[in-house]
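Please look over the protein chain shown here. A short briefing follows, sorted by topic.

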Amino acid sequence: MQYPEPIAKLIDSYLRLPGIGEKTATRLAFFTIDMQQEDVDQFAAALRDAKRQLHYCSICGNITETDPCQICRDRSRDQTKIIVVEQAKDVMSLEKMREYHGLYHVLHGVLSPMEGKGPDDLNITSLVKRLQSHDQIKEIIVATNATPEGEATAMYLARLLKPAGIKVTRLAHGLAVGSDIEYADEMTLFKAIEGRQEI
Ligand SMILES: [Zn+2]
């Protein structure tokens with residue numbers, strides 16, 4: 001027996017989300033059918049509005065309602081440092097710490113030969129452009145996750161940017177190997193930034 005088409009389509013949609021397999025997608029689809037119409041409408045509207053109203057900042061790649069984003073527009077921030085992160089959600093994690101007042105750059109991923117992701121698939125060209133047009137930027141702090149791909153990306157950026165006279169540093173390994181920025185607590189992040197080392 002096959003699922004009615006609307007359910008099959010819904011299962012298929014849930015399957016596109018990260019970390020969701022066939023079983024979970026099916027469970028979520030049937031759960032959605034059991035929800036109140038009003039709740040489903042709200043859920044659908046939230047998905048649509050988030051996608052419509054949010055964009056990537058043309059300067060740093062962060063998620064924003066306005067372009068440039070609030071952080072890039074804020075001239076009171078330290079214009080000499082840029083923290084480079086994998087995902088926009090990492091910016092949120094670092095901002096929660098309230099100890100860093102410089103700028104950010106979001107790569108939207110890491111170098112991953114396994115997944116066929118090379119430098120051109122990341123938001124790197126715009127970082128180089130930023131450095132070329134703003135000579136007050138003195139330091140790039142690479143805050144990619146402590147995974148093999150995160151390390152390889154940090155090394156790539158160091159090789160790319162150091163010849164231009166930019167200091168490239170990496171977060172200290174207060175972060176456990178394999179750990180993600182988003183799961184680190186604020187104190188750990190603060191110490192990782194304080195203890196950053198040149199690469
Ligand atoms: Zn921005």
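This is a predicted model: local features need pLDDT of at least 70, side-chain atom pairs count only at pLDDT 80 or more; totals for chains, interfaces and linings use all residues.

Residues are numbered from 1 along each chain as its sequence is written.

- Most residues other than glycine have a negative phi, and most peptide bonds are trans.
- Arg 98 is not a glycine, yet it has a positive phi of about 60°.
- Arg 98 sits in the loop between α5 (88–96) and β4. Helices (H or I, at least four residues) and strands (E, at least two) are DSSP runs, numbered from the N terminus.
- His 108 also is not a glycine, and its phi is positive, near 65°.
- His 108 lies in the loop between β4 and α6 (125–133).
- His 108 counts as partly exposed, because it has 15 C-beta neighbours inside 10 Å.
- The peptide bond from Asp 67 to Pro 68 is cis, with omega near 0°.
- Pro 68 belongs to the loop between β2 (63–64) and α4 (70–73).

**An annotated stretch**

- The UniProt annotation "zinc finger region: C4-type", from an unreviewed entry, covers residues 57–72. UniProt positions are given in the numbering used here, feature names are shortened, and annotations may be inferred rather than shown by experiment.
- The end C-alpha atoms of residues 57–72 lie 8 Å apart. This span is 19% helix and 12% strand.

**The sheet**

- Five strands form an open sheet with mixed pairing, in the order β4-β3-β5-β6-β7. Two strands pair if DSSP finds at least two bridges between them.
- Why do β4 (103–106) and β7 (197–198) stand at the edges with one side left without a neighbour? Each has a single partner strand, so one side of each has no neighbour in the sheet.
- Strand β3 (residues 81–85) pairs with β4 in the parallel sense, over four bridges.
- Ile 82 stands opposite Leu 103 in β4. Val 85 has Val 106 of β4 as its bridge partner.
- Strands β5 (residues 139–142) and β6 (residues 167–170) run parallel and are joined by four bridges.
- Ile 141 has Thr 169 of β6 as its bridge partner. Thr 169 in turn has Glu 198 of β7 as a bridge partner.
- β6 and β7 run antiparallel, joined by two bridges.

**Faces and crossovers**

- In a regular strand the side chains alternate between the two faces of the sheet.
- In β4, Leu 103 and His 105 point one way, while Tyr 104 and Val 106 point the other way. All of these residues are buried.
- β3, α5 and β4 make a right-handed β-α-β unit. A crossover is right-handed if, with the strands pointing away from the viewer, the path from the first strand over the helix to the second runs clockwise.
- β5, helix α7 (residues 148–161) and β6 also make a right-handed β-α-β unit.

**The core**

- The largest nonpolar core has 35 residues, and Val 84 and Val 85 touch the most other members. A nonpolar core is a set of buried Ala, Val, Leu, Ile, Met, Phe, Trp, Tyr and Cys residues joined through C-beta atoms within 7 Å.
- β3, α5, β4, β5, α7 and α8 are the elements that give two or more residues to this core. β3 gives the most, with four residues.
- Which residues does Val 84 touch, not counting residues up to four places away in sequence? Among them are His 105, Leu 127, Ile 140 and Leu 157. Contact here means that the C-beta atoms of two residues, placed from the backbone, lie within 7 Å.
- Ala 192 is found in helix α8 (residues 186–194). Ala 192 is buried, because 22 other C-beta atoms lie within 10 Å.
- Ala 192 and Ala 143 are 49 residues apart in sequence and 9.2 Å apart in space, C-alpha to C-alpha.

**The whole chain**

- The chain has eight helices and seven strands.
- Buried residues make up 27% of its 199 residues.
- The C-alpha trace spans about 65 × 35 × 35 Å along its principal axes.

Definitions and conventions. A residue is buried if 20 or more other C-beta atoms lie within 10 Å of its own, exposed if 12 or fewer, and partly exposed in between; C-beta atoms are placed from the backbone.
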